[in-house]
Each structure stands twice: as C-alpha cells, then as structure tokens.
Amino acid sequence: MKFGGTSVADAAAFENVARIVAAEREALPVVVVSAMSGVTDNLLAATIDSDVDKAIASLEPTFRRHHSVATKLLPASQAEQFVEQVSSAAGRTGELLRRLAQDPSERKVLQDAVLSVGEMLSSALLAEVLTHGGIQARQVDARRCIITDEEHTCAAPLMGETFLSSQNELRPLLEGNVVPVLGGFIGATTRGVTTTLGRGGSDYTAALIGAALGAEEIQIWTDVSGVLTADPRVVPEAQTIERLSYSEAAELAYFGAKVLHPKTIQPAIERSIPVRICNSRSPGEPGTLVGPQTETSSRTVKAIAHKTGVTTVQITSARMLGAYGFLRALFEVFERHRTVIDVVTTSEVSVSLSLDDASSLPAIVEELEQLGTVRVEKGRAIICVVGEGLRGTPGIAARVFSTISDINVTLISQGASSINFTFAVEEDQVKEAVTRLHEALFRTNKRHKEHRQ
Ligand code: ADP
Ligand code: ASP
Ligand code: MG
C-alpha cells in the first residue's frame with residue numbers, strides 16, 4: 001500500500017491512512033509512504049538556494065509540520081521522542097546544505113541525501129501513528145531494501161539485490177504480524193550511499209517491494225479516484241477508468257499521467273501483480289485496476305495523456321536516402337549525451353524526435369549538425385491517445401485531427417504496440433486540444449453507449 005504526499009499532508013490525513021491500513025490488516029500489508037506533500041519541493045529548493053543560512057531557515061516550517069502532526073496524534077512521551085528525531089534530522093540537513101555550498105562537485109550525491117530526509121521522517125511518523133492506533137508497525141529504512149546503481153537523482157534499482165534485501169528485511173516482520181513502513185523514492189548504492197529514484201518515485205518503490213514479495217496486489221493511494229480519462233487539472237469532467245491493461249497504463253504514465261510514475265508498471269508485469277489506484281479521501285471507491293487482461297471495452301479510446309516542456313528536433317539529410325548506419329550514428333549522439341528520446345518518426349530524408357530533457361541539447365545539436373540540417377523547436381507538448389481498442393480500429397486519426405484541425409500538429413506516431421496514437425502540438429495550445437479531444441472522444445462514446453442500451 002503506497003500513500004502519496006497528499007495522503008499524508010496533515011494530522012487528519014495521517015489518521016485517515018491509519019484507518020485504511022487497519023482495514024487491510026488481515027492481508028499483511030507493507031506500507032510505502034512519500035514525504036508529506038510539498039516537503040520534497042521545499043528540500044530541493046533549499047539545495048538550490050545560494051544563501052545557506054536562508055536555505056536552512058526556509059526549512060523550519062517544513063520540520064515544524066512534522067512536529068505538529070506528532071503532537072496532535074501521539075501521546076506526549078512518544079511525540080517528544082519524535083520531535084527530537086526531527087530536530088536531529090534538521091541538524092543533519094543543515095550540515096549537508098553547508099557541505100553542498102562548499103563543494104558543489106558533490107551536488108547530486110548531497111541533494112539525494114537532503115531529499116531522503118522527507119521520506120525518512122514521514123515513514124517514521126506514520127509507523128508511530130499506526131502503533132499508537134493499535135497496529136503493530138515498524139519503520140524500515142528503505143535504503144536497506146532498494147539497492148541501486150550510482151546514478152544519483154535518478155538511480156536505477158539493481159533488481160537481484162533489491163529483491164533479496166527487501167525479502168530479508170520485510171519477511172521476518174510480516175511473519176511476526178508487524179506492518180513494515182518504509183519511505184518511497186529513496187534507496188542506497190551497494191556501498192550504502194543514499195540515492196533517489198527520480199521525482200514521483202515512491203510509486204516505483206511500492207511496485208519493487210510488491211514484486212520482491214510476490215504481493216497479491218500493489219495499491220497506489222492518491223488524491224484522485226484512480227486513473228482518469230484525462231488529467232483532471234485540464235479536464236475537470238474526466239472520469240475514472242475501471243480497468244486498464246499493463247500496456248495502456250504504462251503508455252499513459254510515460255506520456256504524462258502523473259498519477260503513476262512511468263516505471264511503476266514494469267515490476268508488476270514481471271510478476272503479474274495487479275496494480276490498483278485508489279483515492280485515500282474516498283477509500284470506498286473501487287478506483288482503477290491495472291492488470292494483464294486486455295479487456296474489450298465499448299470504448300476504443302481509454303484515456304488521453306499529455307505532457308508539456310517537450311523539445312522536438314528534426315534532422316534532415318539527403319545522405320539518409322538509401323544509406324545504412326545513419327540512424328545508428330544519429331542515436332549514438334543521444335546515447336553519448338545520456339539523453340532519452342521519447343517519440344521518433346522518420347521519412348526518407350529526415351528524422352524527427354522529441355525529448356523531455358533538453359539540458360545537453362547545445363552539445364547534441366553541434367554533433368548532429370555533422371549529420372545534416374538540424375531544426376529545434378522548444379515549448380512543445382506531446383498528446384497521447386491510448387486504448388487497446390485502437391488496434392485495428394480505423395478512422396481514429398481522422399477523428400482526432402478533424403477535432404483539432406485548426407491546431408498545428410507535428411511529429412505524429414502510432415506506437416509500435418498500436419495501442420497509442422501520439423503527436424506534438426505547441427505548448428500553449430495543449431489544453432485546448434486535450435479539452436476538445438476529450439469532449440469528442442468521450443462524449444460521443446457515451447452517447448453511442450446510451451443509444452445502444
Ligand atoms: P501522489 O502524491 O499521491 O503521488 P501525484 O500528484 O503524484 O500524487 O499524482 C496524482 C495527480 O496526478 C492527480 O492529482 C492529478 O492531478 C494528476 N493526473 C494527471 N493525469 C492524470 C490522470 N490521467 N488520471 C488521474 N490523475 C492524473
Ligand atoms: N517525495 C518524492 C517526490 O515528491 C517522491 C514521491 O512523492 O513519489 O517526488
Ligand atoms: Mg506521485
């Protein structure tokens with residue numbers, strides 16, 4: 001059971017989590033928890049502030065929020081002990097921030113150490129709250145379970161080590177009927193240096209732990225009722241999707257549905273474990289169930305995802321025509337600069353692709369220019385229409401493009417899995433495009449369904 005930041009935002013939210021865990025007590029849950037909402041952002045901001053004293057002072061309210069939950073929910077002696085724990089964490093954080101200011105070469109290592117404080121504190125606090133609520137619970141240091149490579153700020157777990165360590169740490173507790181509570185998002189290298197899995201990574205921790213233990217289900221508890229047909233911040237009338245296949249969920253997560261970290265689905269697929277996304281504010285609702293089944297839905301399109309801040313790059317070269325080895329040379333440029341490519345389309349003489357992370361772009365462009373003419377467009381957004389039913393349903397492209405015919409669309413791709421249809425638009429038009437597409441693809445479906453019944 002993974003609880004996101006908003007599920008542990010304040011004392012009332014912690015109490016609510018305790019009720020949800022208590023209701024699942026019989027199923028022997030393992031609890032994974034994010035930092036309290038906003039805490040990771042605040043810690044990160046402190047690592048960027050050039051004035052260390054100001055940065056340290058800026059974190060006072062963040063640490064006080066933990067005190068406040070403890071004093072509201074725990075008996076005095078237990079609260080006092082926890083407040084001491086928070087004070088020493090605050091002291092350590094201050095030291096790390098000072099080291100960071102003195103030695104920026106170690107930035108990523110120290111940043112991970114600072115950010116880990118959020119999850120270490122929320123998990124310690126939740127374990128205390130559960131124990132006080134009559135549930136035998138114990139905090140487990142996630143860094144003893146999630147063992148990663150040394151790629152600080154976006155570390156990749158070493159699967160064998162992670163599975164083994166998680167089993168060794170967690171099984172004895174479960175056998176003793178104790179609920180283990182661990183912070184998401186954080187891990188450690190084989191040498192024990194703290195790492196993090198990338199922003200939003202607590203979902204991934206839950207999936208790794210679930211897979212390591214062969215869990216019956218991986219539950220992601222958040223602030224919305226499952227995966228919705230579109231981002232609710234753009235389309236307020238978006239509806240919960242009852243069921244998704246693993247591939248559908250993976251595509252949605254990858255193309256911007258923030259409700260699931262993109263890597264969450266992989267460990268679940270490998271062990272065929274269902275993933276359920278539930279609303280901690282409305283625990284009675286079934287939410288969304290993600291599983292191996294590719295169910296035939298009356299809806300061809302299940303959801304629309306989108307992400308902004310995308311850069312597209314087009315490389316045009318007559319040398320491509322009939323040549324082999326060209327694409328390889330091109331992709332090697334991105335590999336050398338450790339830059340991930342999202343979407344790729346090719347014609348006879350040009351390749352277009354999209355990137356999330358454009359930080360190495362100047363160097364990349366310099367090398368690409370040796371291969372052909374390069375055009376870079378910043379401020380783009382990717383829209384991705386997803387559904388198993390897209391396989392073999394003709395006319396989807398026509399429907400999509402006629403709905404947004406006045407919006408300039410580039411980089412069109414039907415994913416190799418043929419369950420997604422992806423394209424780029426200008427960032428300032430993405431909300432309009434997603435709203436219109438949702439209206440066209442979902443309203444009509446609903447009317448069809450009502451008509452047939
Ligand atoms: P948590 O802190 O629980 O991990 P997140 O903020 O990371 O929560 O993810 C939940 C948020 O994801 C929702 O509040 C919603 O705004 C956003 N979101 C974006 N796309 C979708 C979608 N298709 N379905 C549900 N939520 C989405
Ligand atoms: N606390 C981390 C973040 O804000 C991890 C997570 O919430 O999943 O990115
Ligand atoms: Mg999240």
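I begin with the shell around ligand 1, which by class has 7 nonpolar, 4 polar and 5 charged residues. Here Ala, Val, Leu, Ile, Met, Phe, Trp, Tyr, Cys and Pro count as nonpolar, Asp, Glu, Lys and Arg as charged, and the others, Gly among them, as polar.

A word on conventions. This is a predicted model, in which local features need pLDDT of at least 70, side-chain atom pairs count only at pLDDT 80 or more, and totals for chains, interfaces and linings use all residues. Residues are numbered from 1 along each chain as its sequence is written, chains are lettered from A and ligands numbered from 1 in the order in which they are written, and side-chain values use heavy atoms, with hydrogens and water left out.

Ligand 1 is surrounded by 16 residues, each with a heavy atom within 4 Å of the ligand. The closest are Lys-2, Thr-222, Asp-223, Leu-228 and Lys-258.

Next, the polar contacts, that is, pairs of N or O atoms within 3.5 Å. A polar side-chain atom of Asp-223 lies 2.8 Å from an oxygen atom of ligand 1. From the backbone, an N or O atom of Gly-5 lies 3.2 Å from an oxygen atom of ligand 1, and a polar atom of Val-259 is 3.4 Å from an oxygen atom of this ligand. Taken alone, ligand 1 exposes 570 Å², and the protein buries 88% of that; such areas come from the Shrake-Rupley method with a 1.4 Å probe.

I turn to ligand 2. Which residues are around it? They are Ser-34, Thr-40, Glu-119, Phe-185, Arg-199, Gly-200, Gly-201 and Ser-202. By class, this shell has 1 nonpolar, 5 polar and 2 charged residues. A nitrogen atom of ligand 2 is 2.6 Å from a side-chain N or O atom of Glu-119, and a nitrogen atom of the ligand is 2.8 Å from one in the side chain of Thr-40. An oxygen atom of ligand 2 is 3.4 Å from a polar backbone atom of Gly-201. On its own, ligand 2 has 260 Å² of accessible area, of which the protein covers 85%.

Finally, the second largest pocket. A pocket is an open set of points on a 1 Å grid over the protein atoms alone, where a 1.4 Å probe fits, with protein on both sides within 12 Å along at least five of seven lines; lining residues have an atom within 4 Å of a point. This pocket's lining of 20 residues includes Leu-28, Pro-29, Ala-215, Glu-216 and Glu-217, which lie nearest its centre. The lining divides into 12 nonpolar, 3 polar and 5 charged residues.

Terms used:
A polar contact is a pair of N or O atoms within 3.5 Å; within protein, one must be able to donate a hydrogen and the other to accept it, and residues adjacent in sequence count only if both atoms are side-chain atoms.
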